[in-house]
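Subject: Structure handover

Hello,

Please find the structure below. My notes come after it.

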Amino acid sequence: QVQLVESGGGLVQPGGSLRLSCVASGFTLDYYSIVWFRQAPGKEREGVSCISSRDHTTNYADSVKGRFTISRENTKNTVYLQMTSLQPEDTAVYYCAADASDCAYTSLEVWGQGTQVTVSS
């Protein structure tokens with residue numbers, strides 16, 4: 001079964017950190033860029049970060065630049081999103097997706113089910 005499974009979400013205080021994981025099964029991540037999205041209640045889905053398949057080039061939304069770091073470990077078929085200096089506005093469900101379009105976000109072939117991140121005191 002082809003799937004992505006996210007984990008690592010939870011409740012954290014403002015200023016705290018979390019590391020999300022996105023594990024692939026049924027296929028290899030080697031040939032896909034991986035995108036992290038998030039969606040907060042009542043808001044549109046936002047692309048947070050992407051890491052390319054070829055040279056592991058990364059990009060970030062302005063809202064998370066300098067605070068979030070995306071990385072991949074192909075031997076473990078896993079992509080990570082390290083989140084630091086978390087703020088209440090980072091509260092959302094975070095999803096990962098396998099992108100066959102090299103971070104163009106136009107060929108999102110596999111999606112995870114999402115993991116909830118809540119930043120609150």
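The notes cover the cores, one hairpin and the aromatic rings.

This is a predicted model: local features need pLDDT of at least 70, side-chain atom pairs count only at pLDDT 80 or more, and totals for chains, interfaces and linings use all residues. Residues are numbered from 1 along each chain as its sequence is written, and side-chain values use heavy atoms, with hydrogens and water left out.

A nonpolar core here is a set of buried Ala, Val, Leu, Ile, Met, Phe, Trp, Tyr and Cys residues joined through side-chain atoms within 4.5 Å; buried means under 20% relative accessible area (1.4 Å probe, protein chains only). The largest such core has 29 residues, and Leu4, Ile34, Trp36, Leu81, Met83 and Tyr94 have the most contacts inside it. Another core, of 5 residues, lies apart from it and includes Val35, Phe37, Cys50 and Ala97.

Strands are DSSP runs (E, at least two residues), numbered from the N terminus, and two strands pair if DSSP finds at least two bridges between them. β7 and β8 run antiparallel, joined by 6 bridges. They form a hairpin with 4 residues between them, and Asn77 in the turn has a positive phi of about 55°.

Phe37, Tyr105 and Trp111 form one aromatic cluster. The charged end of Arg45 sits over the ring of Phe37, 4.9 Å from its centre (the criterion is NZ of Lys or CZ of Arg within 6 Å of the ring centre and within 35 degrees of the ring normal).

Regards

Technical notes:
Rings of Phe, Tyr and Trp (its six-membered ring) pair if their centres lie within 6.5 Å; planes under 30 degrees apart count as stacked, over 60 as edge-to-face and the rest as tilted. Buried means under 20% relative accessible area, exposed over 50%, partly exposed in between (1.4 Å probe, protein chains only).
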